[in-house]
Amino acid sequence: MIWLLLVCVTGLSAATKMTVAEFEQEIFRLTNEQRAKYGLAALQPEAGLAELARRHGRNMAANDFFEHKDPEGLEVGGRKKKYYSELMTHSIGENLAFFEHSLKRFSPSKVVNGWMNSPGHRANILEPGYTHLGVAVIVTGNKLYAVQNFASPIVRLLSALPKSYSQNKVYRLEFLYMDSQDARNLEVLLNLPDTTAEVPIGGNMYVVGVQPLNITWGEGKRFSVDVPFQYGKGIYSLAFGWGGGHYNSEFIFRVK
């Protein structure tokens, strides 16, 4: 990922009478307008990404810094893992902008045009693989911080996870499917603590080290899987994929 910063301090356009929410919405609209010029699909809003962006914007404003790495040493991927672990993504990226103006004259078009004139920011806006976006704007005094969090999510966990797991129970977990690939081809695997365990899948066939899970589709793109822990104590985890290619998730279960 490319980490570049945009800093503008003077020469902003005329003041716009917008609420912060309207300012964010206009940044979102202008971003998709830029993508449309290059034949790219519009990004979809994602509330969790917006909240992740807002957390970083507030942190920068409160602690008077402007960079992708926060005082905890986390960049956007680390923040997602810590504060938004229920979202599983192929990739994630971030754009930042900072403006300071004595008359508080800030413009969404200045923000987006500034990003489009910066190679790293432009690459994020025009990345074909990104499908979702969260935008946050923080105004404090005569300063404005703008944050975009881009992502290509696969699934979002909807269920609350228990604090502990037992071999004697089956746990039903609900997810929202968010990938652009055909949901009918989705496969879910349970990685086993014993990587040599042979799991029968019908007839004389078996797979090693993983257990395929059945998917039950609900309303819209919601689905659930029943997760059993039948192969002893240890660490299990989920993987999601299509046609034999799978991505390991951060949904990890320590079974005692």
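In the predicted model, the protein contains five helices and 14 strands, and its C-alpha trace spans about 70 × 40 × 30 Å along the principal axes. Of its 256 residues, 45% count as buried. Among the contacts that link residues at least 6 apart in sequence, 66% join residues at least 24 apart.

Helix α2, which runs over residues 47-63, comprises 17 residues and reaches 24 Å from its first C-alpha to its last, a span close to the 24 Å expected at 1.5 Å a residue. At the start of this helix, a side-chain oxygen of E46 comes to within 3.0 Å of the backbone nitrogen of G48. G48 is itself one of the buried residues of α2, which also include L49, A50, L52, A53, R54, H56, G57 and M60. The partners against which the buried residues of α2 pack are the helices α1 (20-37) and α3, together with the strands β3, β4 (132-140) and β5 (143-157).

After α2 comes D64, a residue that lies in the loop between α2 and α3. The phi of D64 is near 55 degrees, which is a positive value in a residue other than glycine. Most residues other than glycine, by contrast, have a negative phi. D64 counts as exposed because its relative accessibility, 58%, is over the 50% that marks an exposed residue.

Strand β3, one of the elements against which the buried residues of α2 pack, contains L96. With a relative accessible area of 0%, L96 falls under the 20% limit and is therefore buried. In sequence L96 and H121 are 25 residues apart, while in space the distance between them is 8.3 Å, C-alpha to C-alpha.

The largest pocket of the model has a volume of about 210 Å³. Its lining is made up of 15 residues, and those that lie nearest the centre of the pocket are K80, L87, M88, T89 and E250. Helix α3 (76-83) and the strands β3 (87-100) and β14 (245-255) each supply at least two residues of this lining. Both α3 and β3 are also among the elements that pack against the buried residues of α2. By class, the lining of the largest pocket consists of five nonpolar, seven polar and three charged residues.

Definitions and conventions:
Residues numbered from 1 in each chain as written. Predicted model: local features only at pLDDT ≥ 70, side-chain atom pairs only at ≥ 80, totals over all residues. Heavy atoms only, no water. 1 Å grid on protein atoms, 1.4 Å probe; cavity = no way out; pocket = protein on both sides within 12 Å on 5 of 7 lines; lining within 4 Å. Points joined across faces, edges and corners; volume = space filled by probe spheres on them. Helix = DSSP H or I, 4+ residues; strand = E, 2+ residues; numbered from the N terminus. Nonpolar A, V, L, I, M, F, W, Y, C, P; charged D, E, K, R; others polar. Expected span 1.5 Å × (residues − 1). Buried < 20%, exposed > 50% of the residue type's maximum accessible area, 1.4 Å probe, protein only. Contact = heavy atoms within 4.5 Å. Polar contact = N/O pair within 3.5 Å; in protein donor to acceptor, adjacent residues only side chain to side chain.
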